[in-house]
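Me: I would like to go through this structure in questions and answers. Please keep each answer tied to what the model shows.

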Amino acid sequence: MTVMADERELRDDALNGLELSTRLDRIWRTPSGLLGALMSVDHKVVGRRYIVTAFAFLLLGGLLAILMRIQLAGPEQTFLSADKYNQIFTMHGSTMMFLFAVPVMEAFAVYLVPLMVGTRNIAFPRLNAFSYWMFLFGGCFLWISFALNVGPDVGWFAYVPLSSLQYTPTKRPDVWAQMITFTEVAALAVSVEIVVTVFKLRAPGMTLDRIPLFVWAMLVTSFLVMFAMPSIMVASTSLILDRLVNTRFYDSSSGGHPLLWQHLFWFFGHPEVYIIFIPGTGMVSAILATFARRPVIGYPVVILSLIATGFLSFGLWVHHMFVTGLPQLGAGLFTASSMLIAVPSGLQIFCWLATLWDGRPVYRTPLLFVIGFIVIFVLGGLSGVMVASVPIDTQVHDTYFVVAHFHYVLIGGAVFPLIGAVYYWFPKITGRMLSERLGRWNFWLAFVGFNVAFFPMHILGLIGMPRRVYTYTADMDWAHLNLLSSGGAAIFALSFALLLVNVVISLRSGALAGDNPWDASTLEWATSSPPPPQNFDRIPVVKHRDPLWLDHASLPVVAGLSLERREVLLTSLAEAEPQIREASPEPSIWPLLTAIATTVFFIGSIFTPWAVLWGTPPMAVTLIGWFWPGGSKEDEE
Amino acid sequence: MRQTIVRNVAELPTYGYGPRSGPWWGAMGFMALEGMGFAIAIGGYLYLYAVNPNWPIGATPPDLWPGTAETIVYLLSVIPNEMTNRAAHRQDLAKVRTGLIVMSLIGIALLILRGFEFAHLNTRWDNSAYGSIVWLILGLHTTHLATDVGDTVVLTVLMFTRHARPRRFSDVTDNVFYWNFVVLAWLPLYVLLDWVPRL
């Protein structure tokens, strides 16, 4: 093709093949060197960092779990003191929820969503970089505090009055509350990016009914984050204010109310469960279609289920508060809604089973984890319907039955799909396959270890063992089941060690993956593994829900984007009709500087309210630096 | 994979207004989550109102004039805001500059009025849960207002530099759009803070 006479700018219809790739690579590449790395706004670089960091926190949170299981393996052990145990279960819960489960799902979305919708970068790439730094700094803040013996010890829910100044006069609850602020800022930022990426950056022709199910799941999740997390930010801010400047939100002697905390916390806390679970279902749908060798049956049913789950998840929070003496009508309503949410989840499960039934399943490691997910999650769902009922909940509240239930739901519903997703997308992200043999060992150890660790907890709960006790006496008859559970935990931990070994070995010497090792159908497999900085040499055009299965050999594409600056294609919300060739930001150090300024502000403000005054100017300066046009082509169009 | 070019988008514009542009949707997203923050804070207020037999607790209701004056300024500010919007769509740089200066001044005036409002709340944050929640809500909205005013001032300065290129008019319209949200978010808060304690 030739350049049109009146074109002054070089466009991608003028070059082909290697010449085109090289040119795009030069425009989109993250600068080299340490400074370059700190400036990166590539969603793949940021996504990789996010994934690795979240797994590092999984490792730390997992080690704490092992410490607890060692302590509880027998009666009256002195391996951990009561005080240490309080810190450890608080750190375990907080780390797993705020530093692993939510961030790791967002991390996968940051990496995958732009590739799956066929664009070159996420919307608001600098906000994305900022989000990662905030997450990293917030996580480090929590763990450094823990190392300095200021780790929180009031549970991952930090109920007042225990977390109020009167009962915990140290800085421990402040560390917890401000870690929340860090991670919520990060999560909210990613959610807005994902929503806008899905709304505006989809490849031409990717109409609403052609969006991959994983992308749908992340879209619904992002809305959940946007509507749930403001609640916990109001909660954590008011807790810090109560502790720092004597506000009275939770002080019942001055008109405050401890239950206000529980409402605010669980209005966030219950959707949080679905913020973790819905991405898991998206991963399941993606993996299942590929390995059942057919599209997921009931595509509209799955999407409507995701949306219904999203809405319903905001109407259940009070079931965490059944023993607080609620009016009966309220308890009845929340029982009904808690049972109702099983319906859309059940519909999805039936769609997946039908897909497996009708497909020609290839039982590779990712699919094994999906099947493990179905088994474990259904069990967790069943105990969920049980505790939705007030009489049963009153009986088992604060016992190990609940611990068993939510680990079945969260590990079954999110971690099994996640590990499946690691096996599934590792080839795309690194260019190498993970070992299938180690993968099978990994799966069976995880499946057996998990069930041996957590199933006995149902029984322990039913026979009366309460949560959050650091030890128990021998005459309670809990010792055997606890020992069994600890043994299972060791096997479960071993499965993660094996995953780590598999990753390390495969990174060095795994089989080369090629573009599409699983013969999957979605767009991320249409580019090389790992994808080049520009993701695609030309933006794909989508004509089918499973574009790569429609045509295995050739990809319809659009041409006409710039080869002189970073440019992405904006399309219309519903029909994905091309609308605008929009500039995409270049690398910048300002998001990191803004994150540092924000960190100083946040940490300072748990010690003195004046931090709000002296902490603001640096933030303002860095934000202006961020948004002020740099004089590059991107900015001056 | 072999690529087949089926379409050429070279003729498309490089920026757009409203729902066609990315930043507009970003602003929508932030409005949604900030709006939710306000809704939660309002919920907190009503919760405390419901569980306390006396309201306001140990205080008289806020003096009406600062909040009412603010509300009037907010409502009137929609007019120059809309004029700025139209000028930006016409890419009329001179009018946009004037509009942004006016909007910056209105923002600063509102921040000053806000100072008076805090002074006339007739309660302190540490008096009672009532004092705490009104200070929190007013504080939230002040942060919101101050951020937007800061943003407007920076944009005003920017439009006087060489960076005032055509695509910046789209940024101006997004700023206008966001201001409407600041106004809209204020109205229920005004009723809540100034009138509910008088019920």
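Reply: The questions below concern a predicted model, and they go from the confidence scores to the two chains and then to their contact.

Me: What ipTM does the predictor give the complex?
Reply: Two scores are given for the complex as a whole. The pTM is 0.96. The ipTM is 0.95.

Me: What is the mean pLDDT of chain B?
Reply: In chain B, 100% of the residues reach a pLDDT of 70 or more. The mean pLDDT of chain B is 95.

Me: What radius of gyration does chain A have, and does it agree or disagree with that of a compact globule?
Reply: The C-alpha trace of chain A spans about 85 × 60 × 50 Å along its principal axes. A compact globule of 637 residues would have a radius of gyration near 26 Å. The value for chain A agrees with this; it is 25 Å.

Me: What radius of gyration does chain B have?
Reply: The C-alpha atoms of chain B fill a box of roughly 70 × 45 × 25 Å along the principal axes. For 199 residues, a compact globule would come near 16 Å.

Me: What percentage of the residues of chain B count as buried?
Reply: A residue is buried if 20 or more other C-beta atoms lie within 10 Å of its own. In chain A, buried residues make up 57% of the 637 residues. For the 199 residues of chain B, the share is 38%.

Me: In what order do the elements of chain B run from the N terminus?
Reply: Chain B contains 5 helices and 1 strand. Read from the N terminus, their order is β-α-α-α-α-α.

Me: Which helices of chain B are included in what covers the buried residues of helix 3 of chain B?
Reply: Helix 3 of chain B covers residues 93–119 and reaches 39 Å from its first C-alpha to its last, close to the 39 Å expected. Its buried residues are Val96(B), Gly99(B), Leu100(B), Met103(B), Gly107(B), Leu110(B) and Glu117(B). An α-helix has 3.6 residues a turn, so residues three or four places apart point the same way. The cover over the buried residues of helix 3 of chain B includes helix 2, helix 4 and helix 5 of chain B.

Me: Is Pro80(B) buried, partly exposed or exposed?
Reply: Pro80(B) is found in helix 2 of chain B and touches Gly99(B), Val102(B) and Met103(B), leaving aside residues up to four places away in sequence. A residue needs 20 or more C-beta neighbours within 10 Å to be buried, and 12 or fewer to be exposed. Because Pro80(B) has 19 C-beta neighbours inside 10 Å, it counts as partly exposed.

Me: How many bridges join strand 2 of chain A to strand 3 of chain A?
Reply: Chain A has 20 helices and 3 strands. In the hairpin of strand 2 and strand 3 of chain A, 6 residues lie between the strands, and Ala576(A) takes a positive phi near 55°. Leu569(A) has Arg581(A) in strand 3 of chain A as its bridge partner. The two strands run antiparallel, and the number of bridges joining them is 5.

Me: Which element of chain A supplies the largest share of the side that touches chain B?
Reply: The contact takes 56 residues from chain A and 47 residues from chain B. Several elements of chain A each supply at least two residues of this side, including helix 6, helix 8 and helix 19. The largest share, 8 residues, comes from helix 7 of chain A.

Me: How many residues of the side of chain A that touches chain B are nonpolar?
Reply: This side of chain A has 9 charged residues and 12 polar ones. The nonpolar residues number 35.

Me: In what sense do strand 1 of chain A and strand 1 of chain B pair?
Reply: Of the 6 residues in strand 1 of chain A, 5 are buried, so this strand is largely enclosed by the rest of the structure. Ser554(A) stands opposite Arg2(B), and Val558(A) stands opposite Arg7(B). The two strands pair over 6 bridges, and the sense is parallel.

Terms used:
Residues numbered from 1 in each chain as written. Chains lettered and ligands numbered in written order. Predicted model: local features only at pLDDT ≥ 70, side-chain atom pairs only at ≥ 80, totals over all residues. Contact = placed C-beta atoms within 7 Å. Helix = DSSP H or I, 4+ residues; strand = E, 2+ residues; numbered from the N terminus. Nonpolar A, V, L, I, M, F, W, Y, C, P; charged D, E, K, R; others polar. Pairing = 2+ DSSP bridges. pLDDT = per-residue confidence, 0-100. Rg over C-alpha atoms; globule rule 2.2 N^0.38 Å. Expected span 1.5 Å × (residues − 1).
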